[in-house]
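Visitor: Before we look at anything in particular, could you take me through this model feature by feature, giving the general idea and then the case at hand?

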Amino acid sequence: MSHHKDDNGAKLGMWLFLFTELLLFGGLFLLYSAYLSRYPHEFSAAGRQLDMVFGTVNTVVLLTSSLLVAMAVTAVQRDERRHALWLLGGTILCAAIFMSIKYVEWSAKIRHGIYPNSPHLAAAPPGESVFFSLYFMTTGIHGLHVLIGATLLAWVGCRVKRGAVHGGDYVLLENSALYWHLVDLIWIFIFPLYYLIL
């Protein structure tokens, strides 16, 4: 029995999936904009409580990871399997660093009583509570995407190691890299909205 592979269909399917992801985060960003116009001063006060250093380092880490995964695709296209595995390992390491920093950042906020429905935020101005609810929701969903993306790349890395993904058939890696670029792109919006412009 012959197995027909539809690479173009796989790529189109991934682009459609990525579009739905953009709609999800687009909705969160619209919600952010609506509440920012309603509570500009409270959002500004709350935004100053976020750690700019953590946000900046995480931005550099994700940009680096995007470069590494793009280089991994090129390496597979050239059948440089060992090189591709190192690059994929570097991408996954970046994901682990990103999540570790996010864990430290979240933990610091929670230790100070800043989390959705906390007594501290209940006593704070309403806009500040809304800001942190949106912050935890948006960065939480984004963090989940980072974990999914890293798991996906690890699985594809195993297939590269076994030779199932190679220079003649790399659409799986290409689609996984597209997903990872989306994760990076979304953070490029989250970082200025929550850390920079307020």
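**Reading the rings and the core**

Guide: F29 is buried, with a relative accessible area of 15%, where buried means under 20% relative accessible area, exposed over 50%, and partly exposed in between, with a 1.4 Å probe and protein chains only. The model is predicted, so local features need pLDDT of at least 70 and side-chain atom pairs count only at pLDDT 80 or more, whereas totals for chains, interfaces and linings use all residues. Residues are numbered from 1 along each chain as its sequence is written, and side-chain values use heavy atoms, with hydrogens and water left out.

Visitor: How many helices and strands does the secondary structure of the chain come to?

Guide: Helices (H or I, at least four residues) and strands (E, at least two) are DSSP runs, numbered from the N terminus. Here there are 7 helices and 0 strands, and the C-alpha trace spans about 65 × 30 × 25 Å along its principal axes. Of the 198 residues of the chain, 43% count as buried.

Visitor: What kind of aromatic pair do F25 and F29 form?

Guide: Rings of Phe, Tyr and Trp (its six-membered ring) pair if their centres lie within 6.5 Å; planes under 30 degrees apart count as stacked, over 60 as edge-to-face and the rest as tilted. The structure holds 16 such aromatic pairs. The one between F25 and F29 is tilted, at 6.5 Å centre to centre with 40° between the planes. Both residues lie in helix α1 (residues 7-38), 4 residues apart, which is about one turn of the helix.

Visitor: Which residues touch the most other members of the largest nonpolar core?

Guide: In soluble globular proteins, nonpolar side chains tend to be buried together. A nonpolar core is a set of buried Ala, Val, Leu, Ile, Met, Phe, Trp, Tyr and Cys residues joined through side-chain atoms within 4.5 Å. The largest one here has 52 residues, and F131, F132, Y135 and Y194 touch the most other members. At least two residues come from each of α1, α2 (40-47), α3 (52-77), α4 (81-111), α6 (126-162) and α7 (171-196), with α7 giving the largest share, 14 residues. Ring pairs also link F131, F132, Y135 and Y194 into a cluster that includes Y32, F43, W106 and F136.

Visitor: With what is F132 in contact, leaving aside its neighbours within four places in sequence?

Guide: Contact means heavy atoms within 4.5 Å. With those neighbours left aside, F132 is in contact with A46, Q49, L50, K109, I114 and L121.
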